[in-house]
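Q: I would like to learn how to read strands, sheets and helices from a model. Can we walk through one together?

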Amino acid sequence: MNQRNRGSEVSPLTVEGLTVAYQKKPVLRNVSFEVPEGKLIGIIGPNGAGKSTMIKAILGLLPRVSGETQIYGRPYKEMRRKVGYVPQRESVDWDFPTNALDVVMMGRYGHLGWFKRPGAKEREIAMDCLRKVGMADYAHRQISQLSGGQQQRVFLARALAQNADLYFMDEPFVGVDAMTERAIITLLNELKAQGKTVLVVHHDLATVKEYFDWVMLLNVEMVAYGPTEDVFTKSLLHQTYGGRLAVFDHEDEAILVDSR
């Protein structure tokens, strides 16, 4: 736990009654939860469950019908510097003419203010973040020339450069190779060891128990939320996925396959 937050009861994230609708149809309905500090939290649910929508609404990227969110007890606009965000790869314009180092340095802008240009210190921080994700050798490569896994690592490095306390990651494991997936989960555990809090939209049910301390099961409404061993159960997963989930017993363990 971060020393400055030790003894504080203010949650990194509190969500109350969050509802979001597209063309008057609710895609997220009356979701409320509080996030404990220093945990890796998986957000799980079928396609169209509102997982990415929830993150975007919390960050003010989508309008809300109702609900309130607080970051360490304050509105998000006042706490932007404490928040890091890794969007879905498919939502990023990878043809934008910039290199990996410049993308990572964008993560430092919140610390500089609008009128101060990044200097040698910011460049070294950005290079250090690229090293942590194994991308230092690609610092001057155009992002359009990187593989999907390499692009994902660059965006993780950008989030690291923000030096945030609360991170949102939207399907960071999708479309990456096994080596990149191992690098990502290693990085997430390092953030956790530093007392950071990380919420991850995740689709691979087979790795949930291994990766996450807490789990949120979401399907437009909150189905369940809490420690993984309490929430990641056959009955609650069936409530979340319905007929789209196949569950097999093996030596009293649930082997879970998302059969979307």
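**Sheets and helices, read step by step**

A: Start with a pair of strands. Six bridges join strand β8 (residues 214-219) to strand β9 (residues 221-227), and the two run antiparallel. Helices (H or I, at least four residues) and strands (E, at least two) are DSSP runs, numbered from the N terminus. Two strands pair if DSSP finds at least two bridges between them.

Q: What kind of model is this, and how are residues numbered?
A: It is a predicted model, where local features need pLDDT of at least 70, side-chain atom pairs count only at pLDDT 80 or more, and totals for chains, interfaces and linings use all residues. Residues are numbered from 1 along each chain as its sequence is written, and side-chain values use heavy atoms, with hydrogens and water left out.

Q: Which residue in β9 is the bridge partner of Trp214?
A: Strands of a sheet pair through backbone hydrogen bonds, either parallel or antiparallel. Here, Trp214 has Pro227 as its bridge partner in β9. Met216 stands opposite Tyr225 in β9.

Q: How many residues lie between β8 and β9 in their hairpin?
A: One residue lies between them. Val220 in the turn has a positive phi of about 70°.

Q: What is the strand order of the sheet that holds β8 and β9?
A: The order is β5-β6-β7-β3-β8-β9, an open sheet of six strands with mixed pairing. Its edge strands are β5 and β9, and each pairs on one side only. The twist averages 15° from one strand to the next. For angles, axes are lines fitted to C-alpha atoms, for helices over the stretch in contact, and angles run from 0 to 180 degrees between N-to-C directions.

Q: Which helix packs on this sheet, touching β3, β8 and β9?
A: Helix α9 does, and β3 covers 40-44. Contact means heavy atoms within 4.5 Å. The direction of α9 makes about 35° with that of β8.

Q: Which residues of α9 are buried?
A: In α9 (residues 234-241), these are Leu236, Leu237, Thr240 and Tyr241. They cover an arc of only 120° around the axis, which puts them on the same side of α9. Buried means under 20% relative accessible area, exposed over 50%, partly exposed in between (1.4 Å probe, protein chains only). The arc is that of the directions from the helix axis to the C-beta atoms. Gly242 follows α9, with a positive phi near 65°.

Q: How do side chains point from strand β6?
A: In a regular strand the side chains alternate between the two faces of the sheet. From β6, Leu166, Phe168 and Asp170 point one way, and Tyr167 and Met169 the other way. Five of the five residues of β6 (residues 166-170) are buried, so this strand is largely enclosed by the rest of the structure.

Q: Do the neighbours of β6 run parallel or antiparallel to β6?
A: Parallel. Strand β5 (residues 83-86) joins β6 by four bridges, with Tyr85 and Phe168 as bridge partners. Five bridges join β6 to strand β7 (residues 197-201), where Met169 stands opposite Val200. From β6 the chain crosses through helix α6 (residues 178-193) to β7, and this β-α-β crossover is right-handed. The term right-handed applies if, with the strands pointing away from the viewer, the path from the first strand over the helix to the second runs clockwise.

Q: What is the order in the open sheet of three strands?
A: The order is β2-β1-β4, with antiparallel pairing. The edge strands are β2 and β4 (66-71). Neighbouring strands are turned by 20° against each other on average, direction ignored. Helix α1 (residues 51-58) packs on the sheet, touching β1, β2 and β4, and its direction makes about 115° with that of β1.

Q: How many bridges join β1 to β2?
A: Seven bridges join β1 (residues 13-22) to β2 (residues 25-35). Leu13 has Val35 as its partner in β2. Their hairpin has two residues between the strands, and Gln23 in the turn has a positive phi of about 50°.

Q: What span should helix α4 have?
A: At 1.5 Å a residue, the 13 residues of α4 (residues 120-132) should span 18 Å, and the end C-alpha atoms are 18 Å apart, which agrees. The expected span is 1.5 Å times one less than the number of residues.
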